[in-house]
Structure formats: C-alpha cells, structure tokens
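Please read the notes below with the model open beside them. Each point takes up one part of the structure.

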Amino acid sequence: MMKKILFICSPSIALMDTVIPVLDDIKDNYEINILIPKSGKGLFDYNKDNNLIKIAKKITRNIYVQKNYSQCYKYTFNDFLFLTKQNSILNLITSKICKLLKMESNIISTSIINLFLNIKNKFIKKNEVAYKELFHSHSLLIYDVGEEKKKEFRKLSKIFYNKPKISLFHGSDYKISNQKNSTTKIKVDNNLVQLLWSKDIEEKNHYTRQLTIKNFENTGCPKSDKQWIKKFKKSTFENKKKNVFLISRESNNTFFSLNKKRDYLKNIKKIIIDKLKLRLIIKLHPRENSSVGKYFYSNIFGIENYNKKWFFSNDNSYSIGKSSNFAISFYSGVSIDLLNLNVPTIEFLKLTKDDLKYHLNSTFKKNNIFQFQITYKGLALHATNIKELEKHALSILNNRKIVQDKLQNKYKKLYIQKNQIRNTKNIIRKIIKSK
C-alpha cells in the first residue's frame with residue numbers, strides 16, 4: 001500500500017509555495033493530501049486561478065478543511081474548488097462595503113463572506129472525518145511549527161503530538177529575533193524535524209528560544225532549487241528593462257495601515273510611472289481581497305492607464321521576475337526568490353515607534369533606522385521615503401550589476417543554494433522508512 005503524506009497548510013497559502021516543490025518531486029511514490037485547519041474568507045485564497053492550486057490539483061488526492069477541533073470535512077479537489085470559487089455579486093457587495101468604510105478588510109465584509117461559504121458548503125458533497133483517524137492514516141505530516149505558538153492550533157497539534165512530522169517555514173526568508181532569552185517554551189515532541197533554509201545560526205536560535213526542538217536539518221528552501229525555478233517559463237511581458245514588479249501586501253493594523261499603503265502607492269506612481277516612465281506589474285498578495293485590491297489600485301494609478309503603464313498579473317513570482325528589471329515590496333519573502341533570478345528589490349517601508357510595539361521581537365536597528373530582517377541582513381535595498389525610493393531606482397537603472405552583486409554576496413553567505421529539493425526529499429524518505 002502506498003504511504004500517505006498529509007500537508008497541513010497553515011498559517012496561509014504561502015506555505016504551499018515552500019512545500020509544493022517537494023511534493024511535486026515525490027508525487028509518484030506517495031499519496032498526498034492537504035489539510036486546511038481553518039475556514040472562513042481565507043479559503044478564497046485557494047482558488048482555481050492561483051498557480052499554486054493548479055499545481056496542487058495535479059499532485060493531491062483529497063482536501064480536508066477543519067469543521068471543529070475534533071473533525072474535518074473531506075472534499076475531492078473539484079468540489080473544494082467549487083467551494084472556493086468567488087462570486088461576482090459577492091465581490092461587488094464586499095467592494096462597496098470596503099469602499100464605504102475605507103477599509104480593505106472589515107467585520108461586515110468578513111461576516112458576509114463567511115455566510116456565503118456556509119450556505120455554499122451545504123450543497124457540496126463531503127464526508128466528515130475525525131482528526132484522530134486522519135492523522136493515524138498518514139505516515140508523515142508536513143507543517144509550519146510556528147503555528148504551535150498559537151493557542152487554537154495547539155488544540156489540534158495535541159492530537160498528532162507523537163506523529164512523525166517535518167516543519168518548513170512558510171516563506172523564502174527565514175526567521176530570526178532580537179530576543180536572547182525566552183521565559184516560556186512550547187513543548188514539541190522529538191518526532192519533529194525542523195528544516196532550516198540558511199547557514200545563519202540565528203535561524204536555529206529563533207526556534208530554540210521559543211520551542212523545545214531537538215532535531216534540525218539544513219536543507220535550504222525548496223522553492224529556491226534551480227530545477228524548480230526552471231519549471232516556470234519566461235513570461236510574455238515585453239521590454240524587461242521597462243518593467244518593475246510591485247509585490248503587493250494587504251493593509252493591516254500593525255505596521256502597514258491603509259493610509260500608509262495609499263501614500264506609498266502614490267509615491268511609487270510619482271517616481272516609477274510619472275518620472276522614470278517605467279511600467280508596473282502588480283501581483284496581489286494571497287490574503288488581499290482581489291476585487292477590493294484591484295479597485296484600490298485602479299483608484300490610485302488610473303483605470304485609463306491600465307495595460308499601458310500598469311497591470312495585474314496572477315503569474316508565479318518567478319515568471320514575473322524573469323521579465324522585470326527590479327521589484328518593489330512593502331516587506332515580502334518574494335524579494336528573496338527574486339535574488340535567484342538576479343533581480344534586486346527595493347523594500348519601501350518606514351517603521352514607526354507605534355509599529356515597534358507590535359513587532360518588538362522582529363525589528364532590528366541599523367544605521368539608526370528600525371527595519372525588518374530582509375533589509376537588516378542586506379538582502380534588499382531599503383527606502384523609507386520618496387527620495388530614497390528614487391535614489392535606489394536610479395541606482396539600479398544606472399549601475400544594476402554593482403547593486404545586484406552586493407545583494408548576491410550577502411545571499412550566498414547566508415543561504416544554502418544547492419539540492420534543496422533533494423535534501424528535503426531524502427529526509428522524508430528516511431523518516432517514513434524508519435517508522
């Protein structure tokens with residue numbers, strides 16, 4: 001009988017980006033299933049237009065979605081895609097609400113979406129499965145151990161406490177923290193192996209300060225593997241030198257308010273489109289409501305300029321990156337992905353004192369400026385205002401090789417860059433064989 005692997009896709013669909021390259025490589029030897037341990041509007045991320053879902057459909061047997069902390073629903077992939085298919089009328093209603101309240105996400109739009117999903121779910125064929133039965137039937141679990149820090153997730157993890165499992169981080173960047181000691185640690189059993197992306201001792205320290213992990217393996221990030229990157233053909237966007245990849249992000253109440261996002265986008269328009277005459281390729285964040293997000297951009301960049309000076313793309317980040325001169329982010333691990341294509345990123349973000357109270361552990365002071373890890377480690381250029389944005393953009397346009405070489409040198413010192421998929425696959429085989 002074919003061994004079964006269960007991929008617990010949480011905290012977001014972003015984890016798929018990391019895990020799918022490995023699952024795609026082992027799909028002929030194992031039955032692969034996916035568990036999404038949450039319901040609600042986040043399910044819309046898993047739609048048929050998402051490139052990760054298109055790949056997952058080819059390699060996955062069933063999708064499980066949490067019903068409560070003891071049971072889940074089992075769907076075929078096609079039934080699950082019917083559930084996550086967005087409705088144009090629903091999008092129109094939520095867009096109007098978000099526009100009226102001047103918020104990308106709010107309790108009213110969320111409640112309407114949840115009601116829509118609950119009604120739709122009543123008409124879809126599905127089976128109820130007990131979590132104990134689900135975990136027992138799989139030889140290996142794959143998830144992000146960072147979820148263990150969430151009280152609600154630990155209700156679920158108690159059920160698979162002694163089950164063989166590996167943990168992968170849900171981005172291309174790896175986590176570090178500025179905190180040297182932790183007063184409390186969350187207990188993780190010895191059946192877990194934590195995979196590390198980097199050669200940086202601070203990555204391992206980040207986990208050991210918070211969790212009782214004993215088993216670590218340095219594999220590198222699977223989606224940075226050259227054989228995976230080759231799967232994404234060069235996109236059809238013309239004139240690479242004129243294209244700038246804008247990596248979008250949903251607004252939030254911590255470090256990236258809606259007003260801040262609006263101001264940043266207006267400044268990007270002034271420099272990138274109006275002054276430098278470049279063209280923006282915009283990829284919305286998986287958690288960004290697509291209908292609301294598109295309206296938001298159209299309002300700032302001008303719908304009359306769509307397909308001329310800016311446009312949206314659902315392509316994989318590697319496909320967009322292959323046709324971009326450089327990228328702009330507001331903080332995103334995608335900037336690490338783009339270093340594999342020799343594409344530099346400008347991180348356009350200024351952290352304030354108010355932001356620090358939410359991100360005290362994950363912010364670092366460098367040159368008297370507080371910043372997140374990617375720019376702190378020198379893996380992206382950092383702009384805190386419109387003048388710095390223009391300065392970095394001109395630097396890339398005029399001295400691209402010098403800029404890129406500097407970023408690449410940092411990247412090569414920190415990251416494991418060979419056989420990332422093979423390394424991970426070997427660990428999976430070793431764990432399953434030993435059980």
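**Notes on the model**

1. Asp355 touches Thr254, Phe255, Lys260 and Lys350, leaving out residues up to four places away in sequence; contact here means heavy atoms within 4.5 Å. Asp355 belongs to helix α14 (residues 353-356). Helices (H or I, at least four residues) and strands (E, at least two) are DSSP runs, numbered from the N terminus. With a relative accessibility of 4%, Asp355 counts as buried. Buried means under 20% relative accessible area, exposed means over 50%, and partly exposed lies in between (1.4 Å probe, protein chains only).

2. On the basis of these notes: this is a predicted model, in which local features need pLDDT of at least 70 and side-chain atom pairs count only at pLDDT 80 or more, while totals for chains, interfaces and linings use all residues. Residues are numbered from 1 along each chain as its sequence is written, and side-chain values use heavy atoms, with hydrogens and water left out.

3. Asp79 is partly exposed, at 24% relative accessible area. Not counting residues up to four places away in sequence, Asp79 touches Ile124 and Lys125. Asp79 and Ile63 are 16 residues apart in sequence, and their C-alpha atoms are 9.2 Å apart in space.

4. Does the length of helix α5 agree or disagree with what its residue count predicts? At 1.5 Å a residue, the 15 residues of α5 (residues 107-121) should span 21 Å, and the end C-alpha atoms are 21 Å apart, which agrees. The expected span is 1.5 Å times one less than the number of residues in the helix.

5. Which residues of α5 are buried? They are Ser109, Ile113, Phe116, Leu117, Lys120 and Asn121. Seen down the axis of α5, these buried residues fall within an arc of 130°, so they line one face of the helix. The arc is that of the directions from the helix axis to the C-beta atoms. An α-helix has 3.6 residues a turn, so residues three or four places apart point the same way. The buried residues of α5 pack against β4 (71-76), α3 (77-84) and α4 (88-101). On the other side of α5, Ile107, Leu115 and Asn118 are exposed.

6. The structure holds 30 aromatic pairs. Rings of Phe, Tyr and Trp (its six-membered ring) pair if their centres lie within 6.5 Å; planes under 30 degrees apart count as stacked, over 60 as edge-to-face and the rest as tilted. One of the pairs, Tyr306 with Trp310, is edge-to-face, at 4.8 Å centre to centre and 80° between the planes. Tyr306 is partly exposed, at 26% relative accessible area, whereas Trp310 is buried at 0%.

7. Phe364 and Tyr376 form a stacked pair, 4.6 Å centre to centre with 20° between the planes. Phe364 lies in strand β15 (residues 364-366) and Tyr376 in helix α15 (residues 373-376), so the pair ties together parts that are twelve residues apart in sequence. Phe364 is buried, at 7% relative accessible area, and Tyr376 is partly exposed at 31%.

8. Ring pairs also link Phe255, Phe256, Tyr264, Phe330, Tyr331, Phe348 and Phe372 into a cluster. Phe255 is among the residues that Asp355 touches.
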